[in-house]
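Have the model open beside you and follow along.

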Amino acid sequence: MKLRFAEEITLLMLNDENGEFVRVPHWSMQCAYAAAVLMDLALEYRIDTDLKRLVLLDPTPVGDELLDPVLAQIAESTQTHDTRYWIDELAERAEDLREQCLSRLVEHGVLKREADRFLWVFQSRRYPIVDGEPEREVKLRIMEVLFGNDIPDPRDVVLLCLVDSCGILRELLTDRELERVSERIEQVRKLDLIGQAMSKAVWDIQSSITYALHPSF
């Protein structure tokens, strides 16, 4: 089963043991889903992006409910914007995108939805892994890129750029492991222009948020 980047991000953010999401800053989750959809549109040859701008190549729908609303929004724009602008714009869709991804993963039998009553008033949903193969495959690919020396598949390059710049990688590795692979991450970043553009956009947004909250930094 072919997963979209947003679905892979969803699986990477799920805790294997309890089926709950790892704790990442809210902006990280928003940026991750926004950038993930843009990345898939780029690989579908609907958009192109560099370090300065994002351009529409083909407005024809992909036939995917995760991607087509975003493609339509880009197609309706009368001006050309950079990647950061679109990540900012699409971040508001993050919650809906995550729910769509979870529903699709449940529908495909990858996850099972359970409702846990909490104090007889609140409900929290958990998504424990049923078919662990897709998740293991995603994490294995990331680890092989990080700890191997082979030239990675372009899709894995893009995914690694995304999970690193959105802070998800810090939830998958220890501090010692992150230090060990820091040079490898920088090496992989240089392999793909799409990944570079997305990473720069996410880092710029992070810096803006940090400055807004802590102007003295």
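The crossing of H3 and H4 is right-handed, a term used when the near helix is turned clockwise from the far one by less than a right angle, with left-handed for anticlockwise. Before going on, a word on where this comes from: this is a predicted model, in which local features need pLDDT of at least 70 and side-chain atom pairs count only at pLDDT 80 or more, while totals for chains, interfaces and linings use all residues. Residues are numbered from 1 along each chain as its sequence is written, and side-chain values use heavy atoms, with hydrogens and water left out.

Back to our pair. Helix H3 covers residues 68-76 and helix H4 residues 83-90, and they pack at an angle of about 125 degrees with axes 12 Å apart. Here axes are lines fitted to C-alpha atoms, for helices over the stretch in contact, and angles run from 0 to 180 degrees between N-to-C directions. H3 and H4 are therefore oblique to each other; angles under 35 degrees count as roughly parallel, over 145 as roughly antiparallel, 65 to 115 as roughly perpendicular and the rest as oblique. From H3, Val70, Gln73 and Ile74 meet Trp86, Glu89 and Leu90 of H4, where contact means heavy atoms within 4.5 Å. The residues of this contact divide into four nonpolar, one polar and one charged. In this grouping, Ala, Val, Leu, Ile, Met, Phe, Trp, Tyr, Cys and Pro count as nonpolar, Asp, Glu, Lys and Arg as charged, and the others, Gly among them, as polar.

Now zoom out. The protein has ten helices and four strands; these are DSSP runs numbered from the N terminus, with helices (H or I) of at least four residues and strands (E) of at least two. Of its 217 residues, 47% count as buried, meaning under 20% relative accessible area, with exposed over 50% and partly exposed in between (1.4 Å probe, protein chains only).

What lies inside? The largest nonpolar core has 62 residues, and those with the most contacts inside it are Ile9, Tyr33, Leu38, Val163 and Leu169. Such a core is a set of buried Ala, Val, Leu, Ile, Met, Phe, Trp, Tyr and Cys residues joined through side-chain atoms within 4.5 Å. Its largest share, 13 residues, comes from helix H2 (residues 26-43). Leaving aside neighbours within four places in sequence, Leu38 is in contact with residues including Val70, Ile74, Trp86 and Leu90. As for Ile9, it sits in H1 and is buried, as are eight of the eight residues of that helix (residues 5-12).

H2 has another partner to show you. Its axis and that of helix H5 (residues 94-107) come within 9 Å and cross at roughly 70 degrees, so H2 and H5 are roughly perpendicular to each other. The crossing is left-handed. His26, Met29, Gln30, Tyr33 and Val37 of H2 make the contact with Ala94, Glu95, Leu97, Arg98 and Cys101 of H5. By class, this contact has six nonpolar, two polar and two charged residues.

Finally, compare two single residues. Tyr45, in the loop between H2 and strand E1 (47-49), has a positive phi of about 60 degrees although it is not a glycine. Tyr45 is exposed, with a relative accessible area of 63%. Asp156 lies in helix H7 (residues 154-165) and is buried, with a relative accessible area of 11%. Not counting residues up to four places away in sequence, Asp156 touches Arg141 and Val145.
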